Amino acid sequence: MIRVTPAFRVSRRRALQFGLGATVASATGLAPVSRAYAQDEVKDEDIFRFALNLEYMEAEYYLRGTTGKGIDDSDAGPKAGAVAGGKQVRFDTPAIGEFMREVAENELAHVRFYRKTLGSDAVDRPAIDFDAGFAAVAKAAGLGADFDPFGNQMNFVLGGMLFEDVGVTAYAGAAPLLKNKDFQAAAAGILAVEAYHMGMARSSLYRMGEDAWKAANAVSDARDKIDGPEDKDQGIRVDGKANIVPSTPDAIAFTRTPQEVLRIVYLTDQKGVSKGGFYPNGMNGTLKST
């Protein structure tokens with residue numbers, strides 16, 4: 001088991017270097033945290049608990065879509081929240097079904113890794129609502145009131161892209177900023193896996209044609225409107241060409257703070273929000289407010 005280090009304090013110089021303050025990371029939210037968190041000591045355990053909240057959502061999504069059932073009780077914690085929505089998807093393209101099943105296995109492995117690493121400090125699965133979350137996403141992106149992410153393979157991959165892009169941009173900002181070197185190595189490894197997932201999802205959608213391009217770009221635009229003032233999102237087709245790797249002009253992945261990640265999963269553009277969207281009761285742990 002990886003040894004968890006004591007809390008660490010961020011120097012003023014380091015805080016200024018990374019703009020928004022202290023250095024906190026997570027599985028789908030690894031990035032510098034805001035000044036609100038910079039005033040306090042943040043433990044490595046808090047970082048991984050935030051990650052675990054997000055991995056629960058990803059694992060539930062992919063498991064339900066590929067197997068028809070979610071995480072076993074033994075992997076969710078003794079006081080796990082309920083999960084609303086999700087059903088097994090019919091994959092017309094066998095390869096895509098295989099891809100999605102592998103992703104489901106990866107995300108479940110991430111949940112188990114964080115629970116094992118954190119031990120008694122692990123948080124239980126929070127309440128997750130795919131029905132309300134995706135209804136709000138569909139409304140914001142103009143996908144129609146009847147959009148169902150579990151309705152067909154294109155919609156399912158599109159829903160996966162919503163999570164994977166966020167995970168990559170988040171990890172890129174702060175995976176190397178964790179103090180514990182073992183944690184740092186693990187975060188970098190999970191970043192690589194999430195990037196593989198993102199590339200697969202975006203390239204699969206691109207091959208599906210114009211309807212998929214438009215839907216994916218609409219999701220990207222909607223996501224970019226709520227995560228903050230900066231443009232940190234790109235669709236899968238830009239300037240008439242494929243855009244499988246969203247990145248800066250130097251081909252470096254964008255970064256997101258935990259607050260930006262929370263805005264996306266809570267589906268809000270407001271500060272100080274601690275629940276909503278995919279997490280009707282909020283996340284479990286310390287890092288839970290936009």
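Predicted model: local features only at pLDDT ≥ 70, side-chain atom pairs only at ≥ 80, totals over all residues.
Local features need pLDDT of at least 70 and side-chain atom pairs 80 or more, while totals for chains, interfaces and linings use all residues. Residues are numbered from 1 along each chain as its sequence is written, and side-chain values use heavy atoms, without hydrogens or water.

Select Glu60 in helix 3 (residues 44-67); helices are DSSP runs of H or I of at least four residues, numbered from the N terminus. Glu60 has a relative accessible area of 0% and is buried (under 20%, with a 1.4 Å probe and protein chains only). Beyond its neighbours within four places in sequence, the contacts of Glu60 include Arg125 and Phe130 (heavy atoms within 4.5 Å).

Because Phe48 belongs to helix 3 and Tyr114 to helix 5 (residues 94-118), the pair ties together parts 66 residues apart in sequence. Both residues are buried.

Move to Tyr206 and Trp213, whose rings are stacked, with centres 5.0 Å apart and planes at 25°. Both Tyr206 and Trp213 are buried.

Finally, display helix 9 (residues 210-226), which has 17 residues. Among its buried residues are Trp213, Arg223 and Asp224. Just after this helix, Gly228 has a positive phi of about 145°.

Technical notes. Helix = DSSP H or I, 4+ residues; strand = E, 2+ residues; numbered from the N terminus. Buried < 20%, exposed > 50% of the residue type's maximum accessible area, 1.4 Å probe, protein only. Expected span 1.5 Å × (residues − 1). Phe/Tyr/Trp six-rings, centres within 6.5 Å; stacked < 30°, edge-to-face > 60°.
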